[in-house]
There are 4 protein chains.
Amino acid sequence: MAGDRRRKRENVSTRRLEAYTDGIFAIAATLLVLDLSVDGFGAVKSDGRLWDALVGLGDHFTSFIISFLLLCLLWVVHTRQFEHVRRVDSTVLTLNSLRLLAVVLIPFTTSINSAYNALPLGRALMPANFFVVILFGSMQWFYLTAQGRGMVEGMSQERVRATRWANVTVVVVGAGVVALAPFIGSWAFALFVVNGPIETALMRRDSKRHPEASPNPATSADSG
Amino acid sequence: MAGDRRRKRENVSTRRLEAYTDGIFAIAATLLVLDLSVDGFGAVKSDGRLWDALVGLGDHFTSFIISFLLLCLLWVVHTRQFEHVRRVDSTVLTLNSLRLLAVVLIPFTTSINSAYNALPLGRALMPANFFVVILFGSMQWFYLTAQGRGMVEGMSQERVRATRWANVTVVVVGAGVVALAPFIGSWAFALFVVNGPIETALMRRDSKRHPEASPNPATSADSG
Amino acid sequence: MAGDRRRKRENVSTRRLEAYTDGIFAIAATLLVLDLSVDGFGAVKSDGRLWDALVGLGDHFTSFIISFLLLCLLWVVHTRQFEHVRRVDSTVLTLNSLRLLAVVLIPFTTSINSAYNALPLGRALMPANFFVVILFGSMQWFYLTAQGRGMVEGMSQERVRATRWANVTVVVVGAGVVALAPFIGSWAFALFVVNGPIETALMRRDSKRHPEASPNPATSADSG
Amino acid sequence: MAGDRRRKRENVSTRRLEAYTDGIFAIAATLLVLDLSVDGFGAVKSDGRLWDALVGLGDHFTSFIISFLLLCLLWVVHTRQFEHVRRVDSTVLTLNSLRLLAVVLIPFTTSINSAYNALPLGRALMPANFFVVILFGSMQWFYLTAQGRGMVEGMSQERVRATRWANVTVVVVGAGVVALAPFIGSWAFALFVVNGPIETALMRRDSKRHPEASPNPATSADSG
């Protein structure tokens, strides 16, 4: 057993994985503001001109606000996922790096979205980028919650199953956003509004199919 | 009850909310320095010319210092608010994201303030931006301290009421700064100096009206 | 003894060293995206043109992805190293600063790599930069694990020796990458793939030579 | 007493002050790399030209390395100071904000240092900036360690006095660096090398004058 332990790398605490992730999300979200700049304002000599220049940044504001709030939302998803995880292996660390790689690209695809909003491709890249973040996030969650892996503590089997369905839902809705974005632009993100009802419906069907799965009081303590 | 718990999302620890907030405040505050740049200095061949170029950045320095110190102050406000909070729900997370959205815009409105300080609108946007940060901060605090929500620990009812009044005061003073800024520019921020006396006066009136509200020794332990 | 203690500075907790390191890695990794910019896209009036412009950024994408994932990997190495360290002295702090100095240069050498990928020197600088990060990391680990220093807790002697060999391996492989990069460019990084087998081979030889070195149950508890 | 406590604001934990400080130091140190850029390289068609372009960045590299390592050093000073502090009042938070304001300016004064190294004023501003960081750091430490304030735990009186002397020394040496910099440029920073011996000499004189001041075993436990 000692020999076995020697060969494989030990699991590490999630404390620094969380700190590193928080840092990258925070920086990516803040760099978005660099897209808003007075550099292109030219000669502005009156309040009316300044107002016009600001209105001219309209698409940039829209993209900025959408990307910022979605990054915050995806950060919340990461926070909720790791609320019940203490130690992780190399695979989780690698999946997290890929997830963060997609996060870091958001400022770039956001600036494409605001600069080339008139083109179908220009409208598709930012949603596609967010889709990849969501996809890696779901993969990470499916890996973490795989049966017998024991990385998630203090969640009932029933709750784990519900969160897995929720992840499937959000990937499907995300794919829908990517498909619609070339045609209707940032309005496609409104599709995430239907995510809630679909999620609830799926979870209800799930609990009908597995009526026996009432949470075990001993393991369902949500307060970690 | 289990079914009920299953449907609604559980509260999360504030640890990562604080780390994410600290990160965004720190980055927004540090990005302000990008507005100070030698790029526009042109050919500088003597100390006198260099000094002139630096003096020419005067408005930028003023805006930079005001914005940096106000961001630090607003960060302190956030820190003081969450000193007594352990776990939060989705609404608090959303209000925090909106608060941070306004924080991230500060570098942009600060550069408008320094570039277009000659125009009334140019002088109004940065104060307005700070006002929005303050407004969302107050909303978050009112939500957190709402009766029966139980998210704030170790504060007496009396102290909670006093902090709520303090929040009302700072919103009112912030509105005053926005109203004055188009006319007197950054001097309007001096209005925050009166915040202290007004706050004290309001708190005194409050404790006169509710003389019975002496802190319960069991719950007023300030050392969380 | 008191006089002796007075003269030398006391060891400090690794908590903030880790936070500072996480911050610098996160920022350096995120700044990489600034190299991807629409500024040079010129007039883009169709999806085809936008696609061409993106394809034109090909070298930048390659460099970005390699640098980001390697930075994440080197961050993982740092995390694994300090998993078992509680308090450190001034030498460790200085070595950490030098390690971070090399980390911070990565965005610069990465932009050289993408801009001058046609030149041997242009291809060599980014690998050389990563080599320096690896080198300082190894020096830090050798210092931390030196016999009798007692800074690393909860690792068996055998495991410490294995990690030291692993560090030697990665330095050698890193040197190989630097030597190959001028000729084959970023493909040289594929050499890191052989790192695993070499590491395993070296560790096996090591455990054959020191068969007595079975971990002491009392000190080999990996869960710190 | 309750009424008295009500009026004045309670002390806050240093946990977030440290996180915010770590963030700002890390970002300021990393932004320094933006000063190293291939933008001014022009047409580079051979390794020789690339080498020349890099050599042309010589002053930028020197300034970058000095500023980065000094920022790391000043971060270590902050870390050592707060190793023994648990909770702080508003004055400490304000002094910390001013200290960080000076830290955030470092990337700007560093770029002045590399761009205008030929001018006395161009050589003086970066050292002056570091001097201000050191000055506010010392003020903060003197405030924290003032007799009867009780903010610093687990340090003997003797050790506190020694650290205060060390702070005086570094302020004096810093002033010397500022005075020399216009004449000898970045070489002035070499003056910090004498800081060690001066500090030791001062501390020795201090312990001769107060020979009775042996640390109280009960309060001198350095392991917080």
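In this predicted model, chain D superposes on chain C with an RMSD of 0.0 Å.

Chains C and A were compared in the manner already described. Chain C can be laid on chain A by a turn of 90° and a shift of 0.0 Å along the axis, with an RMSD of 0.0 Å. The two copies are therefore related as by a four-fold rotation axis. In chain C, the residue closest to the rotation axis is G23(C), at 4.4 Å by its C-alpha atom. Here too the copies use different surfaces. Of the contact residues of chain C, 9% recur in chain A.

The contact of chain C with chain A takes 32 residues from chain C and 29 residues from chain A. Two or more residues come from each of α2 (15–31), α3 (47–56), α4 (58–82) and α7 (157–184) of chain C, on the side that touches chain A. Helix α2(C) gives the largest share of that side, nine residues. The residues of this side divide into 19 nonpolar, five polar and eight charged.

Attention now turns to the fold of a single chain. Chain A has eight helices and two strands. Along the sequence, these elements follow the pattern α-β-α-α-α-β-α-α-α-α. Of the 224 residues of chain A, 43% count as buried.

One helix pair in chain A was examined in detail. Two packed helices are described by the angle between their axes and the distance between the axes. Helix α4 (residues 58–82) and helix α6 (residues 120–144) of chain A pack at an angle of about 0°. Their axes are 11 Å apart. The angle makes α4(A) roughly parallel to α6(A). From α4(A), the contact is made by S63(A), S67(A), L70(A), L74(A), V77(A), H78(A) and Q81(A). From α6(A), the partners are M126(A), F130(A), V133(A), G137(A) and W141(A). By class, this contact has seven nonpolar, five polar and no charged residues.

A residue of helix α6 in chain D was also considered. A128(D) lies in helix α6 (residues 120–144) of chain D. Is A128(D) buried or partly exposed? A128(D) has 16 C-beta neighbours inside 10 Å, so this residue counts as partly exposed. The C-alpha atoms of A128(D) and I106(D) are separated by 10.0 Å. Along the chain, these two residues are 22 residues apart.

The predictor gives the complex an ipTM of 0.86 and a pTM of 0.89. Chain A averages a pLDDT of 85, and 86% of the residues score at least 70. Among the elements of chain A, helix α2 (residues 15–31) has the highest mean pLDDT, 96. Helix α1 (residues 2–7) of chain A has the lowest, 41. Over residues 1–7 of chain A the pLDDT is below 50. Beyond near neighbours in sequence, that stretch has five contacts in the model. The pLDDT is also below 50 over residues 212–224 of chain A. This second stretch has 20 contacts in the model beyond near neighbours in sequence. Where pLDDT is low, the predicted coordinates should not be read in detail.

Notes:
Residues numbered from 1 in each chain as written. Chains lettered and ligands numbered in written order. Predicted model: local features only at pLDDT ≥ 70, side-chain atom pairs only at ≥ 80, totals over all residues. Least-squares fit on C-alpha atoms with pLDDT ≥ 70 in both. Contact = placed C-beta atoms within 7 Å. Helix = DSSP H or I, 4+ residues; strand = E, 2+ residues; numbered from the N terminus. Nonpolar A, V, L, I, M, F, W, Y, C, P; charged D, E, K, R; others polar. pLDDT = per-residue confidence, 0-100. Axes fitted to C-alpha atoms, helices over the stretch in contact; angles between N-to-C directions. Parallel < 35°, antiparallel > 145°, perpendicular 65-115°, else oblique. Buried ≥ 20, exposed ≤ 12 C-beta atoms within 10 Å, placed from the backbone.
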